[in-house]
Every structure is written in structure tokens, then in C-alpha cells.
Amino acid sequence: GVNFDSRFNESSHFGYRVGLAYTFTDIGEFMNCVGDYVRGVNMPLEVNCLMGKREKRSRFEVGLGVNVGLYENKTEKFSDFLEDNPTMIEKSTKFGYFVFLNVGYRYQRPQGLLFRVGLSPKVDFGGECGLCNYAGIFSFVTYLSFGYSF
């Protein structure tokens, strides 16, 4: 994905991030949904805060956001618990979203290299707009990001 991250004003610790990404994943690994595969175009929207002195390059970041997108979901149904091959595959395309929190480390020069690494807990509420077929799916994923400050 590609993201734009900015402060609300030059002296603020608070800012926002908006992006555009393509996802192709076994959602069973991504959101703890067994037998589900997802791909689609999505947009992360986040409000964040950088903690620490502004003139320092290393800072702690915390963000809260929502990831919205148009996803194709494929669910494999098994007729026998011990069977390796799916007996039926259901496909659907739908608008979906999940809520996330970012907690991590950011190294950012005034101009030049930007590096982020951290942990991102996610919650999928299920239902009509959830990525999973189950409500209340909670998972942790790590993130690693490289960019350029200007």
C-alpha cells in the first residue's frame, strides 16, 4: 500500500494517515477466520499521535483507525472435519471494514528516511460489513513501513 501521513499543524503531536492498498491474504491468518480468503482494494484512515520531543528523530507512535474497502471473500466449507479438500466454495464481493490500533516505534528525519515498526491489534465486527463471517474477531499483526519525509 501507499500512505500519506501528516500532522494537523506544524507544532502538533497529533496527525492523520490516509492510504490506498491492495490486500490478498488468507484471512484465517490475518483475522483468525478459519477457511476464509480475502482480496481487495482498501483504504486505511487513521488518527495518530507521535510522543516524544518534536526535534528528536525517534518517537513512540499510537494510532486509531478504520480500514474500509471492497473485498472478494472466498470461504471453503468442509463436509467432514478430517477431510483435507473443501467440498464447497462460496464467493462474495462486498464492502467491508475493520478497526485497528497501531502502537510502535517511528524513526523520522526532517527530510529523508522514515521507518516504522510496531504491533497492530485489529477487530472485525462481522455481519454485513465485516470481513469475517464471525463477529468480534480480534487479532494482532505486526507492521513494518519504509518511507520518505518531505
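User: Which strands each supply at least two residues of the nonpolar patch?

Analyst: That would be β2 (14-26) and β3 (36-51). Keep in mind that we're looking at a predicted model. β2 gives the most, with four residues.

User: What makes up that nonpolar surface patch?

Analyst: Phe4, Val18, Leu20, Tyr22, Phe24, Val41, Met43, Leu45, Tyr148 and Phe150 make it, and the patch covers about 1,100 Å². For the background, the protein exposes about 9,200 Å², with carbon and sulfur atoms supplying 61% of it.

User: Why is Phe24 called exposed?

Analyst: Phe24 is found in strand β2. Its relative accessible area is 63%, and the cut-off for exposed is over 50%. So Phe24 counts as exposed.

User: And Phe4, why is that one called partly exposed?

Analyst: Phe4 comes out at 39% relative accessibility. Buried would need under 20% and exposed over 50%, so Phe4 lands in between and counts as partly exposed.

User: How many aromatic pairs does a search of the whole structure find?

Analyst: Three. One of them brings Phe4 back: the ring centres of Phe4 and Tyr16 are 6.3 Å apart, with the planes at 50 degrees. The pair links distant parts of the chain, with Phe4 in strand β1 (residues 2-7) and Tyr16 in strand β2, twelve residues apart.

User: What makes Phe4 and Tyr16 a pair, and why is the pair called tilted?

Analyst: Take the distance of the centres, then the angle of the planes. The centres are 6.3 Å apart, and the limit for pairing is within 6.5 Å, so the two rings pair. Stacked takes planes under 30 degrees apart and edge-to-face takes over 60. The planes here are at 50 degrees, so the pair is tilted. Ring pairs also link Phe4, Phe8 and Tyr16 into a cluster.

User: How do you know that Tyr16 is partly exposed?

Analyst: Tyr16 has a relative accessible area of 30%.

User: Let's do charges. How many salt bridges are there?

Analyst: The count comes to six. Among them is the one between Arg106 and Asp5, whose closest N and O atoms are 3.0 Å apart. That pair links distant parts of the chain: Arg106 sits in strand β5 (residues 88-108) and Asp5 in strand β1, 101 residues apart.

User: What makes Glu61 and Arg106 a salt bridge?

Analyst: Their closest N and O atoms are 2.8 Å apart. The rule asks for within 4 Å, so the pair qualifies. Glu61 lies in strand β4 (residues 58-77) and Arg106 in strand β5, so the bridge ties together parts that are 45 residues apart in sequence.

User: Which other salt bridge does Glu61 form?

Analyst: The side chains of Glu61 and Arg116 meet at 2.9 Å, N to O. Again the chain parts are distant, with Glu61 in strand β4 and Arg116 in strand β6 (residues 112-124), 55 residues apart. Salt bridges that share partners join Asp5, Arg7, Glu61, Arg106 and Arg116 into one network.

User: Why is Glu61 called buried?

Analyst: Its relative accessible area is 3%, against a cut-off of under 20%, so Glu61 is buried. Arg116 is buried as well. Across the 150 residues of the protein, 37% count as buried.

User: What is Glu61 in contact with, leaving aside its neighbours within four places in sequence?

Analyst: Cys49, Leu50, Asn102, Val103, Gly104, Arg106, Arg116 and Tyr143. As for Phe14, it is 47 residues from Glu61 in sequence and 9.8 Å away in space, C-alpha to C-alpha.

User: Where among the elements is the mean pLDDT lowest, and where highest?

Analyst: Helix α1 (residues 27-31) has the lowest mean, 55, while β1 has the highest, 94. The protein averages 83, and 79% of the residues score at least 70. From the N terminus on, the elements run β-β-α-β-β-β-β-β.

Note on methods:
Residues are numbered from 1 along each chain as its sequence is written. This is a predicted model: local features need pLDDT of at least 70, side-chain atom pairs count only at pLDDT 80 or more; totals for chains, interfaces and linings use all residues. Side-chain values use heavy atoms; hydrogens and water are left out. Buried means under 20% relative accessible area, exposed over 50%, partly exposed in between (1.4 Å probe, protein chains only). Accessible areas come from the Shrake-Rupley method with a 1.4 Å probe; for residues, only the protein chains shown count as cover. Patches are made of residues with over 30% relative accessible area and no salt bridge: like charges are joined within 9 Å, nonpolar side chains (Val, Leu, Ile, Met, Phe, Trp, Tyr) within 5 Å. Rings of Phe, Tyr and Trp (its six-membered ring) pair if their centres lie within 6.5 Å; planes under 30 degrees apart count as stacked, over 60 as edge-to-face and the rest as tilted. pLDDT is the predictor's confidence in each residue, from 0 to 100. Contact means heavy atoms within 4.5 Å.
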